[in-house]
Amino acid sequence: MATGCGRADDGRGPSADAAASSGSANGGSSAPTVGDAGAAGGWTRFRGPSGDGVAATSGLPLTWSASENILWKSPLPGAGASSPVVWGDRAYLTCYSGYFVPDQPGGSLSDLRRHLLAIRLSDGKVLWDQAVPAKLPEEEQIRDHGYAANTPLADAEHVYVFFGKSGVFAFNHAGEQQWHADVGSSTNGWGTAASPMLHGDSLIINASVESESLVSLDRKTGQEQWRVGGIREAWNTPIIMQADSGREELVVAIHGQLLGFSPADGKQLWSCQTDITWYMAPSLVSRDGIVYCVGGRSGVASLAVRAGGTGDVTRTHRLWTSREGSNVSSPVLHAEHLYFMNDQRGTAYCLRLDDGETVYEQRLEPAGQVYASALLADGRVYYLTREGKTFVVAADPEFRLLATNDLRDGGVFNGSPAVTGDRLLIRSDKFLYCIGK
C-alpha cells in the first residue's frame with residue numbers, strides 16, 4: 001500500500017500514504033535543479049520510478065544508528081505514514097497537524113491540516129511548507145497511521161498529492177497550487193492510502209475509499225478524463241504493466257479480485273478471482289507479463305496471474321496461489337523469487353516465482369509490526385519495522401541476515417524508505433532522516 005497500515009487479527013482496518021492551499025512558502029524557493037534524481041528517473045513516486053520498490057543503485061549504507069551514518073535529521077511539523085519522493089535537489093513529503101497527532105493534545109477537526117513539504121537534500125532544510133485545510137466532515141479518528149498516508153508524486157512541472165476527500169492537488173516546485181480536483185467525498189475509519197501514479201499525461205487515482213472509483217485526471221489541468229466504478233476495499237496503488245502481447249494494462253487489487261483495465265480509457269479488460277477474503281492494501285508487482293499479488297492474513301494470501309486475457313480469467317490465467325502473504329507491506333521481485341515481510345508475524349518470506357512454493361520462512365527478532373514496503377537495492381532487501389528497526393537481508397534464496405539497524409526516536413515508522421543516489425530517506429512521525437556513508 002501506499003505506505004501502509006493495516007488491520008490486526010481483531011478486525012482493525014487498513015492503512016496506508018480544502019478548495020485552496022492555505023500554506024505559505026517558507027522563505028520562498030524557485031524550482032529545483034533537475035539533477036540525476038529527477039532527470040534520470042529518480043525516486044519520484046511511491047516505491048520508486050517503476051513502483052516496484054527496486055532501486056537501480058549501489059553504495060547504500062548497510063549499517064546505521066542514531067549516531068552512525070546519519071547525514072542529517074529534519075524535524076517534521078506533523079505525523080504521517082506517507083513515503084518521501086525525490087525530484088532534483090529536494091525531497092517531497094506529506095504530514096498532518098492540528099488534530100489527533102501522536103504525543104500531542106487532541107485538538108479540533110477544524111484545525112486539521114495536511115502539509116506538503118519541500119526539503120533540501122543537501123542539508124534537510126525545509127524550503128517550503130504548504131498546508132491544506134481538511135474538507136469537513138472528516139473521520140474523527142484514523143487509528144495507527146493518521147491523515148497523511150498517501151505518498152506524493154513529482155515530475156518536471158508539478159508535485160501531486162492526494163488528500164482523500166479533500167481532493168487531489170498539483171503544486172509547482174515553488175510551492176504554488178496549480179489545480180485541485182475532487183474524486184469523491186466518502187471517508188473510512190482506517191483512512192485513505194493509495195498514491196497517485198502517472199501514465200503519459202494522465203494522473204491515475206485509486207479513489208476506492210472516496211468513491212469506489214479509479215479516476216484518470218489530466219496532469220496539466222486536473223480535468224477528469226475517465227472514471228470506472230466497482231473499486232471496493234482497495235487501499236493499494238495500481239500498477240501499469242505490459243502483457244505478452246505488448247498491450248498496456250492498469251491492474252488494481254480489490255476485495256476478492258484482480259482487475260485489469262486499459263489505461264487509455266478505463267475499459268475493463270479482465271478480472272481474476274484471488275480467493276483472498278480480506279481488503280487489499282499491498283501494491284502489486286509484475287514481470288514478463290505476470291502480476292504477483294500478496295494480501296490477507298488467513299487462507300489464500302498470495303497469487304500469480306498472467307495478464308493479457310479477456311473477461312474472467314480465473315481458470316485460464318491464474319498460475320498459482322499460496323497461503324503465505326502480508327496484509328500491509330508490499331513485496332519485491334529479484335531473480336526468480338518474491339520477497340516480503342509479514343506485517344504482523346515479523347517473518348520474512350521467499351517464494352519461488354514459477355510455482356509459489358515457499359523457499360524460506362524466517363522469523364526476525366524482535367521485529368514487531370511491519371507496515372513499510374520492502375526495498376530492493378544492491379543485492380539486499382531492506383525491511384523497516386514500525387519501531388524503527390531495519391533488517392537488511394541478502395536477496396538470495398538462502399536466508400542471510402546482513403544487518404539489524406535501530407533508529408528508534410519515539411515516533412512510529414509507517415512510511416517506506418526512498419532512495420536518492422547512495423543515500424536512504426526514512427521518515428517517522430517526528431523526523432525525516434537522510435542515511436549515507
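Predicted model: local features only at pLDDT ≥ 70, side-chain atom pairs only at ≥ 80, totals over all residues.
Which residue of E9 is the bridge partner of Tyr 160? Residues are numbered from 1 along each chain as its sequence is written, and side-chain values use heavy atoms, with hydrogens and water left out.

The partner of Tyr 160 is Ala 170 in E9. Helices (H or I, at least four residues) and strands (E, at least two) are DSSP runs numbered from the N terminus, and two strands pair if DSSP finds at least two bridges between them. Strand E8 (residues 159-162) is antiparallel to E9, with four bridges between the two. Five residues separate E8 and E9 in a hairpin, in whose turn Gly 164 has a positive phi of about 65 degrees. E9 is also joined by four bridges to strand E10 (residues 177-181), again in an antiparallel arrangement. Here Phe 169 has His 180 of E10 as its bridge partner. The hairpin of E9 and E10 likewise has five residues between the strands, and Gly 175 adopts a positive phi near 90 degrees.

In a regular strand the side chains alternate between the two faces of the sheet. Strand E9 (residues 168-171) is covered on both faces, with Val 168 and Ala 170 buried on one side and Phe 169 and Phe 171 buried on the other. Buried denotes under 20% relative accessible area, exposed over 50%, and partly exposed in between (1.4 Å probe, protein chains only).

Thr 94 lies in strand E4 (residues 90-97) and is buried, at 1% relative accessibility. Its side chain makes a polar contact of 2.7 Å with that of Ser 82. A polar contact is a pair of N or O atoms within 3.5 Å; within protein, one must be able to donate a hydrogen and the other to accept it, and residues adjacent in sequence count only if both atoms are side-chain atoms.

Zero disulfides were found in a search of the whole structure, a disulfide being a pair of cysteine sulfur atoms within 2.5 Å. For Cys 350, the closest cysteine sulfur belongs to Cys 293 and is 18 Å away, so the separation is too far for a bond. Cys 350 is buried at 0% relative accessibility, and Cys 95 is buried with a relative accessible area of 0%.
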